[in-house]
Amino acid sequence: MEARVSQSLQLSSWIKSDKVVRKPGGCLRFSVKWNEKLMHRTVISCHLQPRKANRRVALKVSCSSHNVQASVLESECITASTDEIETLKNKSEEVEEYLDGRCIYLVGMMGSGKTTVGRILAETLGYSFFDCDRLIEQAVGGTTVAEIFKLHGESFFRDNETEVLHKLSAMHRLVVSTGGGAVVRPINWRHMHKGISVWLDVPLEALAKRIAAEGTKSRPLLHEESGDIYDETLKRLTTLMETRGENYANASARVSLENIAVKRGKDVCHITPTEITLEVLIQIENFLKKQESIVVL
């Protein structure tokens, strides 16, 4: 890893007046026609400059824009039904009235779906999406989170995580997926409270099943030991939750997958990312309306 090397990440967004809609690269698969109206494309660049192992990364964020003719917006990744897309679109329009461009930070345990839901949420709101873990990995030359923990330790990773959140908190119209342990440091909450934070609360049993199925090699705080991988994963997740539970509760809003399962009459493991995203929008709206009523009083 050389200090001279610089990594960068760019996201492009279509801007019409004060509205932003993501370019290809999101999650839902659909098209929207804009009647050939003149649009502006803003390129958000994150330049992450690696430093020595005992120091934090430098994250430089800049924006540029130019006029383009846009007629069709298409995205990719997760296929959703027309009804689901329409429901998300309608709810996002209701929420946007209260959001006022504030960033949204998704917090929760590893494997809770922050990245998947974050991409759908960003696509729906016309926001740009950032994954803190990926930004840190790029900053240290493409090294994975697991390797960073092994080579430099958790403290080094957490320092860089705080730096990334600090830089992103100065921006607007972003959905940010945070690492599972980002909630432990009070300074991270100072950055996230500049926007709106949402806790994806998933039952530990469901998390353990998901992580055990995927494997734990990419999870530095989970160690495969002798015995059943599900049992060992559940045991470790339970310990982590005992230390982080109160921290997650600091979030502006909570999305409980158990509550969603009850409302929809299905098992937690069968809840879709779009259903979770809709609940995120509902809970954000509830929080913002409550906040607005307090201000009026």
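Visitor: Which residues does Ser-112 touch, not counting residues up to four places away in sequence?

Guide: In this predicted model, Ser-112 sits in the loop between strand S7 (104–107) and helix H2 (114–125). Leaving out residues up to four places away in sequence, the residues that Ser-112 touches are Leu-200, Val-202, Leu-207 and Arg-210.

Visitor: Does Ser-112 count as buried or exposed?

Guide: A residue is called buried when its relative accessible area is under 20%. The relative accessibility of Ser-112 is 3%, and therefore this serine counts as buried.

Visitor: How many Å separate the backbone oxygen of Met-109 from a polar atom of the side chain of Ser-112?

Guide: Ser-112 belongs to the loop that joins S7 to H2. A polar atom of its side chain and the backbone oxygen of Met-109 lie apart by 2.7 Å.

Visitor: What is the order of the strands in the open sheet of five strands?

Guide: The edge strands, each of which pairs on one side only, are strand S8 (128–131) and strand S11 (253–256). Neighbouring strands of this sheet are turned by 20° against each other on average, with direction ignored. The pairing is parallel, and the order of the strands is S8-S9-S7-S10-S11.

Visitor: Over how many bridges do S7 and strand S10 pair?

Guide: Strand S7 pairs in the parallel sense with strand S9 (residues 174–177) over three bridges, and there the bridge partner of Leu-106 is Ser-177, while Tyr-105 stands opposite Val-176. On S10 (residues 196–201), Ile-196 is the bridge partner of Ile-104. The pairing of S7 with S10 is also parallel, and the number of its bridges is four.

Visitor: Which residues point the other way from S7 when Ile-104 and Leu-106 point one way?

Guide: Strand S7 has residues pointing in two directions, and Ile-104 and Leu-106, which are buried, point one way. The residues that point the other way are buried too, and they are Tyr-105 and Val-107.

Visitor: Within what arc do the buried residues of H4 fall, seen down its axis?

Guide: Helix H4 (residues 145–152) has as its buried residues Val-145, Ile-148 and Phe-149. They line one face of the helix because, seen down the axis of H4, they fall within an arc of 100°.

Visitor: Which exposed residues are carried by the face of H4 turned away from its buried side?

Guide: The buried residues of H4 pack against helix H3 (132–139) and H5. The face turned away from that buried side carries the exposed residues Lys-150 and Leu-151.

Visitor: What value does phi have in Arg-173, a residue other than glycine?

Guide: Most residues other than glycine have a negative phi. Arg-173 lies in the loop between H5 and S9, and at 15% relative accessibility it counts as buried. Its phi is positive, with a value near 55°.

Visitor: Is Asp-100 buried or exposed?

Guide: Asp-100 lies in the loop between helix H1 (82–99) and S7, and it has a positive phi of about 55° although it is not a glycine. A residue counts as exposed when its relative accessible area is over 50%. The relative accessible area of Asp-100 is 66%, so Asp-100 is exposed.

Visitor: With which side chain does the side chain of Arg-102 make a polar contact of 3.2 Å?

Guide: Arg-102 lies in the loop between H1 and S7 and counts as partly exposed, at 25% relative accessibility. Leaving aside neighbours within four places in sequence, the residues in contact with Arg-102 include Tyr-127, Lys-194 and Leu-288. Its side chain also reaches the backbone oxygen of Tyr-98 at 2.8 Å. The polar contact of 3.2 Å joins the side chain of Arg-102 to that of Gln-291.

Visitor: How many disulfides does the structure hold?

Guide: A disulfide is a covalent bond between the sulfur atoms of two cysteines. Cys-103 is buried, with a relative accessible area of 3%, and Cys-132 is buried as well, with a relative accessible area of 0%. The number of disulfides in the structure is zero.

Notes: Residues are numbered from 1 along each chain as its sequence is written. This is a predicted model: local features need pLDDT of at least 70, side-chain atom pairs count only at pLDDT 80 or more; totals for chains, interfaces and linings use all residues. Side-chain values use heavy atoms; hydrogens and water are left out. A disulfide is a pair of cysteine sulfur atoms within 2.5 Å. Buried means under 20% relative accessible area, exposed over 50%, partly exposed in between (1.4 Å probe, protein chains only). A polar contact is a pair of N or O atoms within 3.5 Å; within protein, one must be able to donate a hydrogen and the other to accept it, and residues adjacent in sequence count only if both atoms are side-chain atoms. Contact means heavy atoms within 4.5 Å. Two strands pair if DSSP finds at least two bridges between them. Axes are lines fitted to C-alpha atoms, for helices over the stretch in contact, and angles run from 0 to 180 degrees between N-to-C directions. The arc is that of the directions from the helix axis to the C-beta atoms.
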